[in-house]
Amino acid sequence: MALGKVTMPEKEIPFTLAQLEQMSEMFPTPFYVYDEKGIRANARRLNAAFAWNPRFRNYFAVKACPNPSLMRVLREEGFGMDCSSLPELLLSERIGVMGEAIMFTSNDTPAEEFVKAKALGAIINLDDITHIPFLEACAGLPDLVCFRYNPGPLKGGNTIIGNPEQAKYGFTRGQLFDGYRVLKEKGITRFGLHTMVASNELNPQYFIDTAEILFALVAELSRAIGIVFEFVNLGGGIGIPYKPEQVAVDLECVGEGVREVYEKHILGNGHPPLKLYMECGRMITGPCGYLVSRVRHIKKTYRTYAGLDACMANLMRPALYGAYHHITVPAKVGQPCTAVYDVTGSLCENNDKFAIGRSLPELAPGDLVVIHDAGAHGHAMGFQYNGKLRSAELLLREDGTVLPIRRAETVEDYFATLAFNARM
Ligand SMILES: *Cc1c(COP(=O)(O)O)cnc(C)c1O
């Protein structure tokens, strides 16, 4: 590193520049590429952290990255699927994930989704007390029912998901007591309890505290109502280090901390052992997905712009949340960051920016850039506004081969829903 010059604090990428050039010859930029090896490693780390609970299972939040090839990889790692819509249920069914390997966590739910979830034998996680009679009327009650808890003022939220009191999700504490009583009277025999109060949270203690609230509540509910719980679902929300100076959540610390509060509140209160579930999406695929794009134009006006061939239709987190996504210029790694760019797309929206005021090496049209941590809530949030089409997705296999797992959209896809021949 040259003295007095700043190089990029680097984040690793799992492919070489030559591999990247090769991919971009076969699949025009922009495209997404996912690293299978990294995804499996994240899944195994999470499973290992909770191995003390013999029936631990993470239900992958399908909304984070709804691609059947990735879902198959995760099924092989023992994951179930966490679905929240009819298409997500159908996607799980198509890859052969059914029954209690599906967690159906929805809200403001239409009848046909409950009908399908019930038909698949999914675990149904109800968002509201009025959904008990609604579900009973449209599909009949299954023998296992779970409720989503919203602790309201009893727990602080965080910035992405907001304050629980302002959040539309879940039952109040009082409604849980009423709801489980109703279920018991109706002859239901199997019970679960769920919450999800944080998103992209990096503090391990947050998850331990949440688990403690749920375990204490399970002990209290079972005593008050005379029911036995089968599982607790801690939800998703484990964050990832988007910035190079951030550190990943210490999963072993979370697993150990959760074990301690489990032993205290569950075993300590004489409650039979519980199955522990989670619904993590982001921490599994997020760090292993990369949006690959090329610099199209360099523009110098009041600021300096690097215009990419990707835009916010491919990744809207920066525009939506002001989220940081690290950018690597693989051909220029190690070069000093002597320039400051606003890195933009071509959408006619001024917030179509991947980065603002980012120090990077001097860029030129044609340079390949890699946008990190795009593997969850990335491609999935894509849209077609301004006639921008969603990109292809590729899977970098463990053996180094590259498998296309979604083609890029074409203008024909964009036109497919239009009634060109509507009689005016
Ligand atoms: C989005 C969501 C998840 C996944 O959240 P991550 O931040 O991707 O872990 C899990 N459960 C529910 C109910 C969700 O809405």
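Among contacts in the chain between residues at least 6 apart in sequence, what share joins residues at least 24 apart? The share is 71%, where a contact means heavy atoms within 4.5 Å.

A word on the basis: this is a predicted model, in which local features need pLDDT of at least 70 and side-chain atom pairs count only at pLDDT 80 or more, while totals for chains, interfaces and linings use all residues. Residues are numbered from 1 along each chain as its sequence is written, and side-chain values use heavy atoms, with hydrogens and water left out.

Let's start with the whole chain. Its C-alpha trace spans about 70 × 65 × 45 Å along the principal axes. Of the 424 residues, 54% count as buried (under 20% relative accessible area, 1.4 Å probe, protein chains only). The chain has twelve helices and 17 strands, taken as DSSP runs (H or I, at least four residues; E, at least two) numbered from the N terminus.

Now zoom in on one helix pair. The axes of α4 (residues 86-94) and α5 (residues 111-120) come within 9 Å and cross at roughly 20°, with axes fitted to C-alpha atoms over the stretch in contact and angles running from 0 to 180 degrees between N-to-C directions. That makes α4 roughly parallel to α5 (angles under 35 degrees). On the α4 side, Leu-86, Leu-89, Leu-90 and Glu-93 meet Glu-112, Glu-113, Lys-116, Ala-117 and Leu-120 of α5.

Key
Angles under 35 degrees count as roughly parallel, over 145 as roughly antiparallel, 65 to 115 as roughly perpendicular and the rest as oblique. Buried means under 20% relative accessible area, exposed over 50%, partly exposed in between (1.4 Å probe, protein chains only).
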